[in-house]
Amino acid sequence: MSQYNDYYSGSGGGGGYVAGSPLGGANSPGGFGRKSEASHSLRPMTIHQLLNANQAHADADWMLDDAEIGQVTIVAYIASVQVQATNSQYVLDDGSGRIEARRWIDSSVEDSSEKLGIVEGAYVRVLGSLKMFGNKKYINTTYIRPVHSPAEIYFHVLEAMTVTLISERGPPPRPGQNPQEVVPKSSSVYSAQPIQSVGSDQYAHLPQLHRAIVAFMQRQPPSDAGVHVGAIARAVGGDAVSISDALDKLSDEGLAFSTIDDSHYQLAT
């Protein structure tokens, strides 16, 4: 993966990228103005993965297999293009699925997408964030540029696979390290540490849903960011309203508190 910097180089309108409008900026609702650390990461993904991502509620972060999704990048070919007054819409296909990418047009800057080869039938690399409108997912695009080498297509697929496997199973062993010494992601080096039992008097008065939330949070490894509400909802079941109400009650009683944003919680110790 020595060509990583080549494939991701460039910023703004340079490096062959076509920049989005200020609506896709870092501090705007259409861009990456998120509060968590994941929002500053860039994850290579397939369209199939994007279509399988979900939200606990409309304002929650996108999640895939209990991992938070911030900014994403995909490589796909343009199946169709529709240019409108305020934005260009690209239907992208990477062989695993199709998704729409929307790039906002800055009227003060000449649109150079066609000159760069960003046309129907061309392969492109797209950077952006996953959004939902009218029950339809799309990529709010901040950068798009043509792919000139077939190697980049293969590179992207392999990179997306690597990142997914590391997320699911943990990092591979370091040089000289015994593979058996690598702790799987499903377990944790912190799991042997004593934690307060959910059956203790402190939690005995809580309803079943609340105790289930506490039990799940206790099983998670220590983290300054806490536990995402999406992961809690998938683990214990229940709708977004009941989970939110339960977390509010835990907070009111001083048993839990929000951390980096309103979607992450941690038990009080």
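Guide: Helices (H or I, at least four residues) and strands (E, at least two) are DSSP runs, numbered from the N terminus. This is a predicted model, in which local features need pLDDT of at least 70 and side-chain atom pairs count only at pLDDT 80 or more, while totals for chains, interfaces and linings use all residues. Residues are numbered from 1 along each chain as its sequence is written, and side-chain values use heavy atoms, with hydrogens and water left out.

The structure holds one cavity of 30 Å³ or more; a cavity is a set of points, on a 1 Å grid over the protein atoms alone, where a 1.4 Å probe fits but cannot get out. The volume of the largest cavity is about 30 Å³, counted as the space filled by probe spheres set on the points, which are joined across faces, edges and corners.

Six names make up the lining: Arg43, Leu64, Asp65, Thr164, Ser167 and Glu168, each with an atom within 4 Å of a point. Helix α4, residues 150-169, gives the most to this lining, with three residues. Thr164, Ser167 and Glu168 carry numbers within that range. By class, the lining has three charged residues, two polar and one nonpolar.

Arg145 belongs to strand β9, residues 136-146. Its relative accessible area is 6%, so Arg145 counts as buried (under 20%, with a 1.4 Å probe).

Asn87 lies in strand β6, residues 87-93, and is buried because its relative accessible area is 6%. The side chains of Asn87 and Gln89 are joined by a polar contact of 3.3 Å. Beyond its neighbours within four places in sequence, Asn87 is in contact (heavy atoms within 4.5 Å) with Gln82, Arg103, Trp104 and Ile105.

Finally, the whole chain gives the setting. The protein chain has eight helices and twelve strands, and 41% of its 269 residues are buried. Of the contacts between residues at least 6 apart in sequence, 60% join residues at least 24 apart.

Conventions: Buried means under 20% relative accessible area, exposed over 50%, partly exposed in between (1.4 Å probe, protein chains only). On a 1 Å grid over the protein atoms alone, a cavity is a set of points where a 1.4 Å probe fits but cannot get out, and a pocket is an open set with protein on both sides within 12 Å along at least five of seven lines; lining residues have an atom within 4 Å of a point. Ala, Val, Leu, Ile, Met, Phe, Trp, Tyr, Cys and Pro count as nonpolar, Asp, Glu, Lys and Arg as charged, and the others, Gly among them, as polar. A polar contact is a pair of N or O atoms within 3.5 Å; within protein, one must be able to donate a hydrogen and the other to accept it, and residues adjacent in sequence count only if both atoms are side-chain atoms.
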